[in-house]
Amino acid sequence: MTAGPRRVAVLGGNRIPFARSNSVYANASNQDMLQAALDGLVARFNLEGERLGEVVAGAVLKHSRDFNLTRETVLGSRLAPETPAYDLQQACGTGLQAINLVAAKIALGQIDAGVAGGVDTTSDAPLAVNDDLRRILIEANTKKTVQDKLKTLLKVRPQHLVPAIPRNEEPRTGLSMGGHTALTAAEWGITREAQDELTLNSHRNLAAAYERGFYDDLVTPYLGLERDQNLRPDTSLEKLGKLKPVFGGRDGTMTAGNSTPLSDGASTVLLASEEWARDHDLPVLAYFVDAETAAVDYVTGHEGLLMAPAYAVPRLLARNGLTLQDFDFYEIHEAFAAQVLATLKAWEDPAFCQRLGLDRPLGSIDRDKLNVNGGSLAAGHPFAATGGRIVAGLAKALHERGGGRGLVSVCAAGGLGVVAILEGPNG
Amino acid sequence: MADRYTELINSPVGRIVAKQLGLPSPIPLRRWRAGQRVVEGRVLLGGAPGGRLAGPVAQVLAAIGAETATPLREDLRAAAAAAGLDAGPWTPAAAEAQRYGALVFDATGIADPAQLAELRAFFQPTVRRVERCGRVVVLGTTPEAARTPAERIAQRALEGFTRSVGKELKGGATAQLVYVEPGAEGNLEATLRFLLSPRSAYVDGQVVRIGADVGDGVPEGLDWERPLAGKVALVTGASRGIGAAIASTLARDGAHVVGLDVPALADDLDAVVRALGGSSIAIDITDADAPRTIATTLRRAHGGVDVVVHNAGITRDKTLGRMDEDRWNAVIDVNLRAVQRITDALLAGRRPVLNAGGRIVCVSSISGIAGNVGQTNYAASKAGVIGLVDAYAPLLAQRRATINAVAPGFIETQMTARIPFATREAGRRMNSLKQGGLPVDVAEAIAWFASPGSGGVTGNVVRVCGQSLLGA
């Protein structure tokens, strides 16, 4: 056992471009995409045949046959087959939580290097057998004679053939994530204009980052796609302003433009101890300093579904003796523009911060430091893949800057939120 | 406890019939039960810019553990935060499903009639979000204490506004106006606790005035569940009806109740006070030496009295042309002269029987305010009671004591049950809540006046009438 926790280095990442649902990746499975992202990472960092401490990844929408998705992906990859793996699922927090778990094991000295990732497809969604049909089939299976089996199967009716479709809604409220966020947006008075402006910046920043080659060593083309398919470099406030509201009723402020689209994609991040990085001659892009996970009670309506990061961040700041202003980059996952804006507004609000037990508000952030290389609104949001996209991009941005500090914030279904701090190699 | 019409209207068939015929549709009012939260549902705290009460109100809301929200205005958010109040945000765009148990609006920032627009701006998008049996409380500056004519005009305007809100609210919800003198910002708690809670179920469209505390303010560590613990309370006319309800409510709040009634009702009286662990005095209060006997008994048996409730009252109705001298005198003697004589006896001497910090509560009537056919005697006595409150308030303030009155409207008692059917139905329905009140509703208002926390409330006459159409 090593004495004390070790620093955890982020060495890089690799992902495939994110595609819109039912488009270029329509026939790719979760395993296909995760493997493409992982193989790209292996190639980038010369990890062929390497036995890593572990690979941790997950998907939010998963077929039951993919119970060992990550291990199967490792076996299909060019990593050593002796590399252990496990699956993780924490809604949209999956990717960042996977990184946190790999980082924690490295910090404790349990492993020296590992890969964390995530993948999701909304094109190959896991349709399940209708619950009634499932019961009949299981019952038939328990019958001993063919006659009894047939008799049981005769109970099948046409309506039983309709599959159970996974729904994008909270089981306890029946409201979609967008529906929940519309409530939060209304509560915090988030305007359509502010949301569209944030969306425009997301597209502009992502387009500019691609233009200057920022993503050249972060993204590997896949199935003919070279950039994120959702990116609209030429969008404008005018174009965004024409879209009809999709959540919050006729007077709603949330549109298909300022909400993330359903998307397909995968991402991976390579983490290691400093020794391992040195031994492998790999430069450290950034250090994964700390992470915090929070959950809120959205069921009673006391708090918004996607507001957990607003609680997680102050706890993380307090533990690390930092203020909200002590950062050079803010990577706030743009599930919806309204979610980001409500979170920022909450941090500026004295009453909200009093709820967090703070003497005064966390305050505002320099918006020029927010999602500087694009966010989920432009890139798309294959649920579990977003954490890896953000951490790899932030690590690179910190490396480019030659140091500094970055804050990552990801909201998730179920009232969850995962947040983390990264620091550049020179603090 | 609902009357039969209310029960009928709230049955499935009754609801349809009432709707078709446009009948008044009262709903059963929510009333206080031990262990209940002070306020049910979320409280939305708003205010006109420049007001002085958002902070004090936020402190009270934090103290009662109310779930709250405020509009996203910096002064309100800062006031909530400073009070340690966990307030959610609110904007008019909030989903329709977002409803409130209470709307509290600080209107003290309104210094000019043009700024009355703040009332519309706050209440227009919120008034239909008030839940069943919800509460609207508007807080203003006592007009007489306004600094400019424009402010006085604007503050006086709040009365018309709030009373109209009371008439518009449906589903057992009520609206009140609380005028707070400058400097009395810290004296809100007892009144807000009463007005926001189901204790004020049948109080509607009322104006309450809060001024400087006659004593040293709310006693430290006051137990709001048993504010009268260790206090002695005299209740006249305690053997039945409203008096019995007052006795049991004050006992619930911790007081040792001394019930008083005429010797003919001594058995009933004993039964009431025995159940409450109290004591009794059987005496006719119009007897010449009754005041001295009462004072002596209270001093000898209890070392004095803290709360005096002048509840005993009679009616001897006849139109003026048929009014004989006996009817006239009996009513004036019991309802008014005895009240004054007993009060004087309790205040007499260097060491008065009424303890320091005492509370006197009289029972007036809406007849005393509005007048009533056949009740020239009764209405005179009950209006006189209001005069008594006015006259004694400054005297009692010097002794760190308060005096207030409740003015009940139609209360369901044995007395009102004897009113002929048609008249009774009219009396019951002609108010904003479309029903009669219960004796406990009067008792709860008296308990609020009697509280040691109510030192800033004196000289008030508050009606317990469901905002009756009779009287102002």
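In this predicted model, helix 3 (residues 94-108) of chain A packs against helix 14 (residues 386-401) of chain A at an angle of about 60°, and the two axes lie 5 Å apart. On the side of helix 3 of chain A, the contact involves T94(A), G95(A), L96(A), A98(A) and I99(A); helix 14 of chain A contributes T386(A), G387(A), G388(A) and V391(A). The residues of this contact comprise four nonpolar, five polar and no charged.

Chain B contains an open sheet of seven strands, paired in parallel in the order 10-9-8-11-12-13-14. Its edges are formed by strand 10 (279-282) and strand 14 (461-464) of chain B; each has a single partner strand, so one side of each lacks a neighbour in the sheet. From one strand to the next, the twist averages 20°.

Within this sheet, strand 8 (residues 232-236) of chain B runs parallel to strand 11 (residues 305-310) of chain B, and three bridges join them. V235(B) has V309(B), in strand 11 of chain B, as its bridge partner. Helix 11 (residues 325-347) of chain B packs on the sheet, where it touches strand 11 and strand 12 (354-363) of chain B. The direction of helix 11 of chain B makes about 175° with that of strand 12 of chain B.

The two angles between named elements are set out below.

| Pair of elements | Angle |
|---|---|
| Helix 3 and helix 14 of chain A | about 60° |
| Helix 11 and strand 12 of chain B | about 175° |

How values were computed
Residues are numbered from 1 along each chain as its sequence is written. Chains are lettered from A and ligands numbered from 1 in the order in which they are written. This is a predicted model: local features need pLDDT of at least 70, side-chain atom pairs count only at pLDDT 80 or more; totals for chains, interfaces and linings use all residues. Axes are lines fitted to C-alpha atoms, for helices over the stretch in contact, and angles run from 0 to 180 degrees between N-to-C directions. Helices (H or I, at least four residues) and strands (E, at least two) are DSSP runs, numbered from the N terminus. Two residues are in contact if their C-beta atoms, placed from the backbone, lie within 7 Å. Ala, Val, Leu, Ile, Met, Phe, Trp, Tyr, Cys and Pro count as nonpolar, Asp, Glu, Lys and Arg as charged, and the others, Gly among them, as polar. Two strands pair if DSSP finds at least two bridges between them.
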